[in-house]
Amino acid sequence: MANLSLRGIVREFGPLRVIHGIDLDVAQGEFVVFVGPSGCGKSTLLRMIAGLDRPDGGDVLIDGVRVNERRAAERGLAMVFQSYALYPHMTVRQNLAFGLENQRMAQAEIDRRIGDAARMLQIEHLLQRKPGQLSGGQRQRVAIGRTVTREPGIFLFDEPLSNLDAELRVQMRVELSALHKRLKATMIYVTHDQTEAMTMADRIVVLRGGRVEQAGSPLELYNRPANKFVAGFIGSPRMNFLDAVTREGRNVVVDDMPPLAVPAAAETSDGEPVTLGVRPEHLGFVETAGLPGTVDIVEQMGGESYVYVTLANGARLTVRRPGQTALSTGDAVRICIEGAAHLFSRAEGEPAIAPRVRA
Ligand SMILES: Nc1ncnc2c1ncn2[C@@H]1O[C@H](COP(=O)(O)OP(=O)(O)O)[C@@H](O)[C@H]1O
Ligand SMILES: [Mg+2]
């Protein structure tokens with residue numbers, strides 16, 4: 001197990017700077033997820049940690065030692081990619097043994113490591129098969145097994161589940177979390193999927209355009225997003241955003257609709273243009289006042305319901321309610337805030353007034 005530090009990491013491809021000076025410390029045993037939209041630099045950053053690519057500026061430190069010039073094989077890391085290449089002509093056991101045999105490891109030690117990894121990943125019964133005889137999920141488990149047998153100080157994963165079907169992804173998510181708990185290993189996991197980030201991470205690092213937008217625990221990001229981008233990226237369905245203007249006494253007005261009471265930590269001033277952000281689960285329905293609108297579509301999930309509403313000013317909102325709803329298309333509704341409200345400054349997308357979060 002090892003810790004990792006990034007100091008002012010910069011990467012440029014020709015004239016294009018894609019990583020803009022990233023600082024980050026990953027503690028020993030921590031599960032850190034890099035999340036962000038496609039093209040934001042997640043893979044580039046991970047490859048520089050792995051030693052598959054070199055930063056143009058800044059330092060990578062493992063256990064406090066600068067490793068910029070060290071080759072991938074000398075960094076004590078193991079990486080799992082989205083497209084995992086298993087040798088098709090070798091059995092699973094041979095695939096798992098290959099890298100270790102290359103290091104001239106003693107056979108007894110190889111057998112022990114394969115036995116441990118196979119048990120942990122429940123692939124013992126597959127050891128004599130060839131990759132072509134395995135399902136996608138089983139192959140992915142073998143690819144992970146190959147990193148486990150190397151007993152690295154840090155595990156690196158680059159979107160390892162994105163080729164799997166939805167059900168298998170959920171299952172593998174749980175298995176990877178369990179693996180992390182068992183090994184107590186340092187893991188860095190890259191994904192564009194905020195659900196994977198929320199469910200697996202000790203700490204999430206949200207990236208955009210080669211910069212860190214926010215780093216924190218899943219609930220810190222959910223409850224106190226540092227800006228509108230993070231607010232919109234974390235949480236599913238996505239946070240609702242409405243242009244609004246503040247009124248004194250913790251109120252906002254959206255166009256000429258009735259004022260909305262916002263649970264904010266501080267008093268609101270009068271006349272400040274803001275973007276009001278409210279998560280679908282923090283909206284509710286009221287009889288009077290509230291924002292008037294019409295129900296477009298209702299999705300009944302059984303355990304919860306999504307109600308899609310168009311407001312009188314044409315803005316669209318998603319409301320998520322526990323259980324089942326009697327509402328249907330065309331119903332007139334009035335919407336209020338029943339949880340946290342986030343007020344972002346319209347210009348920078350930074351919080352204008354901190355939300356008050358229910359304990
Ligand atoms: N070898 C390369 N040459 C030129 N541009 C690259 C190269 N690798 C990545 N990029 C660019 O760097 C940016 C970040 O890419 P990448 O790290 O792959 O993003 P992500 O993994 O978050 O989707 C993108 O704009 C991509 O086009
Ligand atoms: Mg990538």
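Colleague: How many residues of domain 1 are in contact with domain 2?
Modeller: Five residues of domain 1 are in contact with seven of domain 2, where contact means C-beta atoms, placed from the backbone, within 7 Å. This is a predicted model, where local features need pLDDT of at least 70 and side-chain atom pairs count only at pLDDT 80 or more, while totals for chains, interfaces and linings use all residues. Residues are numbered from 1 along each chain as its sequence is written, with chains lettered from A and ligands numbered from 1 in the order in which they are written.

Colleague: Where do the two domains run?
Modeller: Domain 1 is 4-230 and domain 2 is 237-353, with bounds from an automatic or database domain assignment. Their centres, taken over C-alpha atoms, are 38 Å apart.

Colleague: OK, new topic: which residues are around ligand 1?
Modeller: Phe13, Val18, Gly36, Ser38, Gly39, Cys40, Gly41, Lys42, Ser43 and Thr44; a residue is near a molecule if its C-beta atom, placed from the backbone, lies within 6 Å of it.

Colleague: Which helix gives the most to that shell?
Modeller: Helix α1 (residues 42-50), with three residues. Helices here are DSSP runs of H or I, at least four residues, numbered from the N terminus.

Colleague: And at what angle do α3 and α4 pack?
Modeller: Helix α3 (residues 107-120) and helix α4 (residues 136-149) pack at about 140 degrees, their axes 9 Å apart. Axes are lines fitted to C-alpha atoms over the stretch in contact, and angles run from 0 to 180 degrees between N-to-C directions.

Colleague: Which residues make that contact?
Modeller: From α3, Arg113, Ile114, Ala117, Ala118 and Met120; from α4, Gly145, Val148 and Thr149.

Note on methods:
Helices (H or I, at least four residues) and strands (E, at least two) are DSSP runs, numbered from the N terminus. Two residues are in contact if their C-beta atoms, placed from the backbone, lie within 7 Å.
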